[in-house]
Amino acid sequence: MISCKQKQDQLSSHQIKEQLMLDNAEAFSNVNNLKDNNSILDTIITSNFVRNINGIEVASDPAELKASINVDYIGFPDLELTNQFRVVKGNQMFSNWVITGTNTGVYGEIPATGKKIKITGFSHFYFNDNGLIYREDIYYNELDLLQQLGYSITCLLYTSDAADEVSPV
């Protein structure tokens, strides 16, 4: 009697690394959904992690990242992040997401408005060779957020005949 047993497919090192990156990004998203349990960050990001939002650095280490996340949860205690899709390319991952929440607390310097928000955005994650996240670049429409909170843009009009007078438009 002869029997053939097919070998189970084994994951390549590339596939293992890609899965680790996806797992770490998922844990990162869950940290955003679990405001009281951000200690997991210490196991999935590097000590020199940097977060940029719309081109501005808002965190340059894990402690600053945790403080930044805390500001979000003070302003929006029910904040929820949902990933729409993720794409991994090399040591980078691109994620499109939606954030929802109700502004019932102070958000930075903005007092609570009681208004609900729904914001879509995009994150670009960078991973080191061990699959840890060392940088995240976030892009979203901040004006859309402020408008949903009830704010609007006021333009100031300067006229040549009354240079020291300013009137809102």
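**Exercise 1.** In what order do the six strands of the open sheet stand, and what is the pairing?

*Solution.* The structure is a predicted model. Step one: reading across the open sheet, the order is E2-E1-E6-E5-E4-E3, and the pairing is mixed. Step two: the edges are taken by strand E2 (56-59) and E3; each has a single partner strand, so one side of each lacks a neighbour in the sheet. Step three: on average, neighbouring strands are turned by 25 degrees against each other, direction ignored. Step four: helix H3 packs on this sheet and touches E1, E2 and E4, its direction making about 45 degrees with that of E1.

**Exercise 2.** Describe how E3 is joined to E4.

*Solution.* E3 and E4 run antiparallel and are joined by nine bridges. As for individual residues, Thr 82 stands opposite Val 98 in E4.

**Exercise 3.** Identify the residues that touch the most other members of the largest nonpolar core.

*Solution.* This core has 30 residues, of which Phe 28, Ile 45, Leu 65 and Leu 145 touch the most other members. Elements that each supply at least two residues of the core include helix H1 (13-33), helix H3 (62-75) and strand E5 (116-127). Turning to Leu 65, and leaving aside residues up to four places away in sequence, its contacts are Phe 28, Leu 41, Ile 45, Phe 49, Arg 51 and Ala 59.

**Exercise 4.** Is Ile 16 buried, partly exposed or exposed?

*Solution.* Ile 16 is located in helix H1. Its relative accessibility is 47%, and therefore Ile 16 counts as partly exposed, since buried means under 20% and exposed over 50%. The C-alpha atoms of Ile 16 and Gly 131 are separated by 9.6 Å, although the two residues are 115 residues apart along the chain.

Key. Residues are numbered from 1 along each chain as its sequence is written. This is a predicted model: local features need pLDDT of at least 70, side-chain atom pairs count only at pLDDT 80 or more; totals for chains, interfaces and linings use all residues. Side-chain values use heavy atoms; hydrogens and water are left out. A nonpolar core is a set of buried Ala, Val, Leu, Ile, Met, Phe, Trp, Tyr and Cys residues joined through side-chain atoms within 4.5 Å. Buried means under 20% relative accessible area, exposed over 50%, partly exposed in between (1.4 Å probe, protein chains only). Helices (H or I, at least four residues) and strands (E, at least two) are DSSP runs, numbered from the N terminus. Contact means heavy atoms within 4.5 Å. Two strands pair if DSSP finds at least two bridges between them. Axes are lines fitted to C-alpha atoms, for helices over the stretch in contact, and angles run from 0 to 180 degrees between N-to-C directions.
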